[in-house]
Amino acid sequence: MAKIYNLLLCAGASCISSGGYSFRDKLVEELKKHNIENMVNIVETGCVGICELGPVVIVYPDGVFYKKLKPEDAKDIVEEHLLKGRVVGRLLYKEKDSEKIVQQASQIPFFQKQLKIVLRNCGIINPESLEEYIGKDGYSALAKVLTEMKPEDVIKEIKDSGLRGRGGAGFPTGLKWELVRNSKGGEKYVICNADEGDPGAFMDRSVLEGDPFSVIEAMTIAGYAVGAKQGYIYVRAEYPLAIKRLRSAIKKAYEENLLGKNIFGQNFDFDLEIRVGAGAFVCGEETALMHSVEGQRGTPSPKPPFPADRGLFGKPTLINNVETYANVCQIILKGSKWFSSIGTEKSKGTKVFALAGAINNTGLVEVPMGTTLKEMVYEIGGGLPNDKKFKAAQIGGPSGGCIPEEYIDTPLDYESVKKLGTIIGSGGLIVMSEDTCMVDLAKYFLEFTQDESCGKCPSCRIGTKKMLEILNRISKGRAKVEELDLLIHLGEQISKTALCGLGQTAPNPVLSTLKYFKDEYLEHINEKKCRAGVCFKKKK
Amino acid sequence: MKLKKEELLEQLKEEIKKHPKGQKDLIEVLHKTQELFGYIPQEAISLISKELGVYRSVIYGVITFYHFFTLQPPSKYNVKVCLGTACYVKGADKILNTLKRELNVELEQTTEDGLFKIQGARCLGACGLAPVMMVDEEVYGKLTEDKVIQIINEYREKASEEVK
């Protein structure tokens with residue numbers, strides 16, 4: 001009998017932890033009970049993005065979106081929806097203000113504003129199925145590259161698209177590929193940086209869990225373009241599900257000769273291995289990461305030499321992050337013109353943001369570059385809970401800074417955000433209301449970087465510690481006003497002298513909160529007052 | 001049935017043989033080691049050093065750099081001795097020394113039988129009961145040297161009953 005219904009069950013890490021699998025088991029049980037398991041196809045997909053509402057299921061062909069499912073809801077879905085064709089009203093999404101009930105996933109505002117390139121397959125296909133990936137144009141990009149394009153053509157296409165690195169620095173991807181291609185030396189390597197360590201960012205995890213083949217295919221294309229035969233994916237040990245799905249995907253790709261010798265029958269070999277990290281934030285820095293792949297302590301090295309000249313095992317190495325690779329196949333298939341038509345003048349394409357903090361719809365969103373912060377917070381994010389007032393958004397994790405309310409109309413692209421003293425970074429976006437103390441926020445991030453400082457260069461190791469000591473004194477009301485200048489001085493010195501990108505950006509959360517919320521710092525020092533009511537709690 | 005250390009080492013040796021000599025796959029091997037033992041024992045370091053041809057000091061350096069790896073076996077019970085000011089005044093050092101002597105370990109070490117690991121805590125916030133220690137979530141106050149030994153023995157009995 002043909003399958004009548006397709007149930008897309010989100011099997012992202014977030015939905016699984018909210019009980020997605022117990023719902024699935026109950027669902028299977030109910031289907032068996034009514035003897036209709038042959039009519040229904042349950043597809044476990046990657047992250048749908050709206051983690052706040054998990055576990056979620058989308059029922060096709062109707063496209064009905066059910067949220068916050070508990071095992072006992074399986075009975076209703078089977079008996080009402082699947083058997084009688086009646087939608088289960090109480091499990092549908094309700095709009096915050098109008099209380100309007102929304103039935104279709106595509107009509108939920110959270111999804112409407114989004115444009116999915118990187119996350120195109122997440123929540124749509126079974127991440128462990130090569131057939132489903134191929135069904136969504138998977139491996140047509142690699143086929144095109146290997147049969148129709150010269151390596152130079154591939155690089156030109158990527159260059160023309162205007163794609164820039166999504167890991168933080170925003171370096172033009174095509175240029176990086178060209179540098180590695182032109183670098184002398186026989187052996188070359190391709191690395192995928194999947195050591196997503198920023199607290200609050202989880203887009204790379206979602207791509208790896210939801211669409212692992214897209215990264216594998218893109219890395220193979222990159223290998224062809226730069227002239228490398230060996231690739232490594234460096235995944236952090238904290239992502240066991242991503243590692244499992246990648247392993248399974250790599251195995252299947254080898255079985256179908258999409259990795260290994262003479263791929264697609266062409267004169268091109270490419271091998272891919274996974275390297276599992278071991279819990280060190282600094283390994284997200286490219287030189288540190290490469291040392292870790294070599295089996296060493298993951299401390300950074302000075303640049304130059306850049307990885308494109310001397311990287312892994314001293315050979316020219318291309319290193320890009322997961323989200324960057326996830327764009328590649330679409331650019332090859334749809335062309336650089338299509339890609340560069342999305343976004344702003346200098347920031348092309350889309351960016352995935354991880355929305356978190358004081359916001360109604362937490363989760364992953366992919367929007368064209370240049371979408372304003374206001375749209376992110378109020379339209380996609382659904383505003384702040386309990387109608388709290390927006391105070392600022394912290395963007396770019398511990399390497400970034402904050403955007404205060406007065407700049408809420410800022411378009412989120414590399415240049416505009418940089419002007420405000422922060423970075424897009426990996427795309428963590430934490431929304432804060434009046435309940436957040438900016439001194440405490442700066443302290444939180446600095447505690448993190450201080451704890452994760454690898455200790456190789458003194459400006460990071462000692463500098464961040466000194467800054468943290470001052471912040472601790474401020475939050476206890478024991479600092480002097482002059483120390484604010486010292487804080488800025490220290491921060492600027494660390495930015496200039498630290499060995500690696502993580503050290504250089506470590507003072508950013510402090511410098512940026514000091515820039516926009518100096519009055520709060522002064523209140524702590526002069527009046528021993530914390531307007532958010534976070535510090536000085538013990539005295540109450 | 002839990003495998004003996006020697007058998008696990010034998011398994012590890014087979015595992016290492018799948019990897020090339022040198023430091024390149026060291027972190028992979030360490031992951032495997034920790035998977036097998038639950039931590040990285042000294043004997044394993046010696047074995048890895050011999051099989052891969054990497055100095056023990058280098059291996060030690062890598063292990064201590066990454067948060068994920070631990071040199072201490074996981075313990076069944078976690079003992080936290082408060083070393084805050086109030087407890088210190090009331091003789092926390094004596095409590096700590098008694099524990100060290102009784103269990104024959106230093107701070108942050110796990111006992112031979114895998115039952116206890118002792119850690120120092122800054123302040124457990126039970127200063128009125130000083131000196132204080134915690135075993136997992138349970139707080140024990142007004143400790144004396146005898147009382148500490150008595151508590152440890154209670155947990156030893158509890159553990160041996162569970163085995164039965």
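Me: What stands opposite Thr350(A) in E12(A)?
Reply: Pro368(A) does, in this predicted model.

Me: What makes E11(A) and E12(A) count as paired strands?
Reply: Pairing takes at least two bridges between the strands. E11(A), residues 350-357, is joined to E12(A), residues 363-368, by 6 bridges. The two strands therefore pair. They run antiparallel. A hairpin of 5 residues links E11(A) to E12(A).

Me: How do you know that E11(A) pairs with E15(A), and in which sense?
Reply: Set the count against the cut-off of at least two bridges. E11(A) and E15(A), residues 428-433, share 4 bridges, so they pair. The sense is parallel. Within this pairing, Ala354(A) faces Gly428(A) of E15(A).

Me: Why is E11(A) called mostly covered?
Reply: A residue is buried if 20 or more other C-beta atoms lie within 10 Å of its own. In E11(A), 7 of the 8 residues are buried. The strand is therefore described as mostly covered.

Me: Why are H7(A) and H8(A) called roughly antiparallel?
Reply: H7(A) spans residues 151-161, and H8(A) spans residues 173-182. They pack at about 155 degrees, with axes 7 Å apart. Angles over 145 degrees count as roughly antiparallel. The value lies over that limit, so H7(A) is roughly antiparallel to H8(A).

Me: What is the hand of the crossing of H7(A) and H8(A), and which residues meet there?
Reply: The crossing is left-handed. From H7(A) come Pro151(A), Ile155(A), Ile158(A) and Lys159(A). Their partners in H8(A) are Thr173(A), Gly174(A), Leu175(A), Trp177(A), Glu178(A) and Arg181(A). By class, the residues of this contact are 5 nonpolar, 2 polar and 3 charged.

Me: How many residues bring chain B into contact with chain A?
Reply: 13 residues of chain B touch 11 residues of chain A. On the chain B side, helix H2 (26-37) and helix H4 (56-65) each give two or more residues. That side divides into 7 nonpolar, 4 polar and 2 charged.

Me: Why is Glu145(B) called partly exposed?
Reply: Buried needs 20 or more neighbours, exposed needs 12 or fewer, and partly exposed lies in between. Glu145(B) has 15 C-beta neighbours inside 10 Å, so it counts as partly exposed.

Me: Where does Glu145(B) sit, and what does Glu145(B) touch?
Reply: Glu145(B) is in helix H7 of chain B, residues 145-163. Leaving aside residues up to four places away in sequence, Glu145(B) touches Lys94(B) and Thr98(B). Glu14(B) is 131 residues from Glu145(B) along the chain, and their C-alpha atoms are separated by 47 Å.

How values were computed:
Residues are numbered from 1 along each chain as its sequence is written. Chains are lettered from A and ligands numbered from 1 in the order in which they are written. This is a predicted model: local features need pLDDT of at least 70, side-chain atom pairs count only at pLDDT 80 or more; totals for chains, interfaces and linings use all residues. Axes are lines fitted to C-alpha atoms, for helices over the stretch in contact, and angles run from 0 to 180 degrees between N-to-C directions. Angles under 35 degrees count as roughly parallel, over 145 as roughly antiparallel, 65 to 115 as roughly perpendicular and the rest as oblique. A crossing is left-handed if the near helix is turned anticlockwise from the far one by less than a right angle, and right-handed if clockwise. Two residues are in contact if their C-beta atoms, placed from the backbone, lie within 7 Å. Ala, Val, Leu, Ile, Met, Phe, Trp, Tyr, Cys and Pro count as nonpolar, Asp, Glu, Lys and Arg as charged, and the others, Gly among them, as polar.
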